[in-house]
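Let's take a walk through this structure, one contact at a time. Have a look at it first, and then we'll start with a charge and a ring.

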Amino acid sequence: MEIYRDFVILFEFMPALFGLIYWKKVKDNILLKWFVILLWYTALNEHVASYYGNYISEEKNNILFYTVKGLLSYIFYFILFLTALKRRASKIVISVLFGTYLMVSVIEFTQTNILLEDQTFSEYTGSVLLIIAILYYFVELIVYQGIVNLKENILVYISSGLLLFEVGMIPIGIARTIFLDQRGPFWQPLTIYQGIIILLMNLLFTAGFIWGRKKSEI
């Protein structure tokens, strides 16, 4: 399982690398440039967090790395969809979702030890609210903007990858809360399932850089 985990972590570098290879497609869009930077941060964070937890921390605790990554990621993606949506009503909804996530995060941060405890509630809240934001984007894209050159729309690939990841990770998180014993029979299948979701998400991100067009819809 260690080799499998390392392979999945290494796979996260793929979209980050392709983001640099196809930099010309994103260099004129500030949000897409930050998306590439976020991909590199995410991939590097996985390696640093793993090394810190295994070789530096006496408590084998690297929770803070994932807490910060989760917070920064959700903030970025809410801003991304807030910018991508064109209708004022949609922007208001996403703003409310974004504000709700920030409020929940601040409350949980003040009520828990962020160095030692997972920010479970804010993580679930962010997942559900981001799913809603993505669905709003797809509805607006189809109903109001029309289905035109979806294959060339980088944000469609990003949205599809995120939707797959967030929908898939919610049941994993719930199952792991129920089956806390990492030596139990359910832990390994959950880990494999999580790895598959991460691989598919990164494949979609990579496809976006390859097939997406230079002119962005954001």
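The charged end of Lys151 sits over the ring of Trp211, 5.3 Å from the ring's centre (the rule: NZ of Lys or CZ of Arg within 6 Å of the ring centre and within 35 degrees of the ring normal). Keep in mind that this is a predicted model, where local features need pLDDT of at least 70, side-chain atom pairs count only at pLDDT 80 or more, and totals for chains, interfaces and linings use all residues. Residues are numbered from 1 along each chain as its sequence is written, and side-chain values use heavy atoms, leaving out hydrogens and water.

Now for rings meeting rings. The whole structure holds 14 aromatic pairs (rings of Phe, Tyr and Trp, the last by its six-membered ring, with centres within 6.5 Å; planes under 30 degrees apart are stacked, over 60 edge-to-face, the rest tilted). Take Phe13 and Trp40: their centres are 5.7 Å apart and their planes at 65 degrees, so this pair is edge-to-face. Phe13 belongs to helix α2 and Trp40 to helix α3, so the pair ties together parts 27 residues apart in sequence (helices are DSSP runs of H or I, at least four residues, numbered from the N terminus).

Phe81 and Tyr137 make another pair, with centres 5.8 Å apart and planes at 55 degrees, so they count as tilted. Are these two buried or exposed? Phe81, at 0% relative accessibility, is buried, and Tyr137, at 3%, is buried too (buried means under 20% relative accessible area, exposed over 50%, partly exposed in between, with a 1.4 Å probe and protein chains only). Trp40, at 26%, is partly exposed.

Note on methods
Helix = DSSP H or I, 4+ residues; strand = E, 2+ residues; numbered from the N terminus.
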